[in-house]
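Please examine the sequence and the structure shown here before reading on.

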Amino acid sequence: MTWPRPLYYPRLVRRSSSPLRRLPQVLLVVAASAAAVASPGGAAATLWPNVPEQIARALTSGDALERRLAATRVGELAPETAIRLIQRGMSDPDVEVRLHLAGAAVRLRMPRAGDLVIEWLGEGDARLRLAACDVIRAAPTDRSVVALGRVLGDPDPHVRLAAATAMGAAGLPDAVSPLLGHLDDTAPEVRAEVARALGRIGDGRAVVPLIGKVQDSVPEVRKATARALGELGDPRAVSALLLALQDASQDVRVEAVTALGRLRSDDATSAIADLVTASPGAAGAFPGARPSDSATSSNDVREAALRALGRIGSEAAVKALLAALAKDNPAAPRSAVRDALVSAGAAAVPALIAALAAAPSANTAAGAALVLGELKAREALPALVRGMQRGVVPLRHGLRALGALGDPAALPGVLELLGDGDPAVRAEAIRAATALLDPARPDGRAVDPARALLIDPATAPDEKLALVQLLGRTGSPRAQAALLPLAKARSTPLRLAVIEALGAARAAGTLGAAVDAALLAALDDESADVRLRAAIALSRVAGPGSARPLLQRLTVAAEQDRGALGIALSGALSRADDAGSATDAKAANDASGKGLVHDVAAAIASAPDAARDALIEGLGRMPGQAAGAALARMASAAPIDDRRKIAEALAGHPEAAAALRKLAGDPDPGVRANAVWSLGAAGDKDALPLLLPLLKDPDVAVAGNAAGAIGRAAGRAGQPARAAAALCAALPDARPYVRANALAALTVAGARCDGDAARDLLARDPAEAVRLAAADHLARSGADDDRRALARCATEDRNATVAGRCARAAPPRAPVAGAEDVVVFIVPFDAGRGGSVRDAPAPRAPFALVRADGLMRLGVADRRGELFERGAPRGAIRLTVPAPLVK
């Protein structure tokens, strides 16, 4: 059974004496306005039923002003209605009407809208020609893209520019010939856009003509040309790009060196290495360079050169990077040199190990050690240890590398330095040892040295706190025995650290009972912080015997303690069988009130709202069919808030799938959203027919969760084709989170859509969430077209988060093993109070939780402002903008 993992965001939470109002270790804060979380109901305004009819009628009016006003409102309508009206109005005689409708078509990403505006390309009004290019860019078709070729000769340079942009965005090979015919356009911005478009299309016919533009008179054109040659990936461009390294514009030099890195040309390594050794900050400092006219610094060129060497990754490139380590600062949290060596990957490991075996400078040795640690090169462990013993590798950096290495075999060498005379070395040794330990794999080697330092009066208080954490990470019974006497320490920080350490791993037998007793006693502490920390620890490790005392406490506790007790009880119930050994519904009924399931269910009936959600959640986490049957019985006549929580709790009971199917048709969208999400966890392939129509549910949380559930269920059933059939049809959905979850679900199910749908969404979708999901989806492919799309996104997307995701997109890899239960409290960001964070979780707050596998769960929190996610994949999870706030 997995433990719930608390989510940390401590610095944004205000202090308060109430444990529910100060949750320093279990809160995750989501940015949302107060108005958005006032109620779980609709936050968006709705139109009167007769408004669409009024707009449709006005679009046929003989009064041009009336039609214009109606055209401005088309975007407010449901997508199906708006698209129908746009199709009718695109031939309106009034230019303003058509322009407004074109804007609506772009915003709605109207399918095949490009065909509707082909005739506009010959209109006399340049505004219409520009609008046609924008529509074709947003919704291209083969016919409309080919038609753009004649607009490349338009007398208006703005139209030519828009046409080239649209042709590049479409990515059709048929656009190559017309674009090549306009590489010599009189307007430099058009020439640059033509070069960019040719790079996006990726057709090899453009290589030789583009090489001729490396010497264009305008820097912006040369810059675009260098980038395009890198995107095309043809080695014939190497000589021209080497020449561009001496360009007067540093912007051009950055693009040229980046392109050479993309080409992975070892022939360019020597020239690129010269850029690395040049003095940073001196304009024109590179061999043969002309004076610079660029605002880009020469240090930007140097960093681009380092990245290029890392991408090339040859023996010569790694040698150049190793030489750069000598002038690098190993104490800096990040380093362009180290990042480049990490990107070189396994190819750099032998050279790094050899450097440690030689007599390198301290900077080189420290940098090499840190890179080996980040690469998790376990074969480097002997070299790292010997380097530290010889004094070649500075101890602080060597310990940091050993901690990052993640190899438990490094632990003995780390433990030897726990008592070092240098406080900085001791602190790094404690951190490294803590990183190398995993409570799930008990390891007692660190217990004795850590305990000795802990009881030493000379040990500083901050070191004692770190040592307590280290002992907890060992997962060893001996460590817990050493920590138990400190559970009542007078120092509150020490007491908190000990309680958290006791909750790191479950102890067996008498020791486990003693730990439970100490944590239960801490629930009576006068400090709200201690009570909350004890509750979290109990949720992780409490044995079955603790469930009944916690249940009794919860039903009689003061309101301010119920939140903490609910956390503890929910975890304890996850490890508790029914006392009557009930394994099915009949046995549960025969328990005559003696079973734990019966007692929890009975407590729910009489508990106040503040405790009901904790009890329902606990039943959901409780193993055995009896708990699932009890929840199913309650669902039929429960109030809305109870039904929402029951629908969430049933995710842990596949045997109660019938109850979930019924809840998936509930009138309340919050109930449906939770039920649909739970079907993704508990349902099998038989749930797919129920989930498919819910993709079109009018509530975005239900539809988005349905997409995620389809991906999970189809993935488990090994039916990617069924997932693709449903999810690909959902990609044009007008709601961003439905599109985003459809992409993430395709990735989870191992499915792909025909054509370039994901690439199109990455390039054109206005929603950040969709482009992030598209980047993750394409990264799993490894296809050349997908890699080029990600490279373009990394350099062109205006959103830094999206561009960074595209730049870091990894090749296909195995998912992180394991899953864990996660408790999340929603503490809204209140824009109406000057951007402050509220003091307490918000009941029934809308949320959007993004899991490590990219799937997004949508819905509203329970009456405590909490949500429980069963079996979340291991890795980072986060909250993003709730669906009601996303346009």
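When the bonded cysteines of the chain are numbered in sequence order, they pair as 1-2 and 3-4. The model is a predicted one, and the count of disulfides in it comes to two. The table lists both pairs.

| Disulfide | S to S distance | Torsion about the S-S bond |
|---|---|---|
| Cys728 and Cys753 | 1.9 Å | about -105 degrees |
| Cys793 and Cys806 | 2.0 Å | about 75 degrees |

**The pair Cys728 and Cys753**

The torsion about the S-S bond of Cys728 and Cys753 is about -105 degrees, so this disulfide is left-handed. Cys753, with a relative accessible area of 13%, is buried because buried means under 20%.

**The pair Cys793 and Cys806**

For Cys793 and Cys806 the torsion about the S-S bond is about 75 degrees, so the disulfide is right-handed. Cys793 is located in helix H45 (residues 784-796) and Cys806 in helix H46 (residues 800-808), and the pair links distant parts of the chain, 13 residues apart. Both Cys793 and Cys806 are buried.

**A further cysteine**

Cys133 has a relative accessibility of 0% and therefore counts as buried.

Note on methods:
Residues are numbered from 1 along each chain as its sequence is written. This is a predicted model: local features need pLDDT of at least 70, side-chain atom pairs count only at pLDDT 80 or more; totals for chains, interfaces and linings use all residues. Side-chain values use heavy atoms; hydrogens and water are left out. A disulfide is a pair of cysteine sulfur atoms within 2.5 Å. Buried means under 20% relative accessible area, exposed over 50%, partly exposed in between (1.4 Å probe, protein chains only). Helices (H or I, at least four residues) and strands (E, at least two) are DSSP runs, numbered from the N terminus.
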